[in-house]
Amino acid sequence: MESIKFNPTVTNSSSSSTPIVMAFPVSDELLGTFVPIAVYWIYSGIYVMLGDLNHYRLHTKAEEETKNVVSKGTVVKGVLVQQAFQIAVSLLLFTFMSGDSGVVLPQPSFPVIILQFIVAMVVLDTWQYFMHRFMHINKFLYKHIHSKHHSLVVPYAFGALYNHPLEGLILDTIGGALSFLISGMTPRTAIFFFSFATIKTVDDHCGLWLPGNLLHVFFNNNSAYHDIHHQLYGTKYNFSQPFFITWDKILGTHMPYSLEKRKEGGFEARPIKKID
């Protein structure tokens with residue numbers, strides 16, 4: 001198991017020249033479990049600290065208060081429950097999958113890491129597109145599982161992972177495991193990949209169109225694109241998440257949009273194709 005060790009030195013009182021080294025091993029698998037959760041709350045917390053930012057909102061504050069049927073306190077509790085569930089599942093998997101050899105896997109070259117990132121992104125996108133779309137097609141799954149996420153018609157940052165725990169298991173935990181295994185990345189690389197995927201997911205649900213957002217520059221799948229999907233008219237479109245829009249375009253579920261300025265400030269993402 002690959003690990004990072006912190007080695008504080010304590011001086012032995014009986015001999016000032018004999019240090020006592022205490023090692024506190026933290027495995028990369030554990031970091032890969034907990035760091036993305038910390039990133040989730042830190043990054044979404046930044047959006048909270050920025051305030052309402054009415055000139056950049058995709059919906060008015062009044063829409064958020066009237067269209068969303070759950071309180072923010074309930075959302076926080078729901079996200080924490082899902083994250084606790086995912087931690088338990090991850091630790092259980094590590095218990096059965098970890099070997100006792102203590103072999104530390106070497107990090108590949110930077111170009112190989114980039115390639116692994118791309119492969120993992122494609123795998124995660126593919127898994128999440130088809131599972132996400134199936135949860136909309138299957139009325140039972142939508143009613144009892146996926147509708148929880150869509151109770152936030154007006155998304156906001158820390159509500160990105162407000163899901164039923166079973167949905168989190170299917171889309172995120174299994175999807176993440178597949179992307180990790182197929183890409184062949186090391187546990188240390190996975191820390192950075194899943195942290196990046198977390199940032200992307202939070203950003204897609206932030207409900208804002210901020211100038212200079214680099215994620216909007218590099219990805220067409222962004223906060224406005226995903227906002228279309230969260231509207232009552234858009235639940236048959238824009239299933240792709242969290243990186244690309246490829247599967248939507250290939251399978252005819254892509255809904256292009258225009259970004260219009262509202263008179264009262266902010267923006268509105270409007271579909272530019274006829275809605276079935």
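At what angle do helix α4 (residues 110-137) and helix α6 (residues 165-183) pack, and how far apart are their axes? In this predicted model, local features need pLDDT of at least 70 and side-chain atom pairs count only at pLDDT 80 or more, while totals for chains, interfaces and linings use all residues. Residues are numbered from 1 along each chain as its sequence is written, and side-chain values use heavy atoms, with hydrogens and water left out.

The angle between α4 and α6 is about 150°, and their axes are 8 Å apart. α4 is therefore roughly antiparallel to α6 (angles over 145 degrees count as such). Contact, meaning heavy atoms within 4.5 Å, involves residues including V123, W127 and M131 of α4 and I170, L171 and L178 of α6. The residues of this contact comprise 12 nonpolar, 7 polar and 2 charged (Ala, Val, Leu, Ile, Met, Phe, Trp, Tyr, Cys and Pro count as nonpolar, Asp, Glu, Lys and Arg as charged, and the others, Gly among them, as polar).

Turning to the rings, the whole structure holds 15 aromatic pairs (Phe, Tyr or six-membered Trp rings with centres within 6.5 Å; planes under 30 degrees apart are stacked, over 60 edge-to-face and the rest tilted). One of them joins F130 and W247 edge-to-face, at 5.1 Å centre to centre and 65° between the planes. F130 sits in helix α4 and W247 in helix α10 (residues 246-250), 117 residues apart. F130 is partly exposed at 36% relative accessibility, as is W247 at 26% (buried is under 20%, exposed over 50%, partly exposed in between, with a 1.4 Å probe and protein chains only).

F219 and F243 form a tilted pair, with centres 6.1 Å apart and planes at 40°. F219 is buried at 8%, and F243 is buried at 0%.

How values were computed. Axes are lines fitted to C-alpha atoms, for helices over the stretch in contact, and angles run from 0 to 180 degrees between N-to-C directions. Helices (H or I, at least four residues) and strands (E, at least two) are DSSP runs, numbered from the N terminus. Angles under 35 degrees count as roughly parallel, over 145 as roughly antiparallel, 65 to 115 as roughly perpendicular and the rest as oblique.
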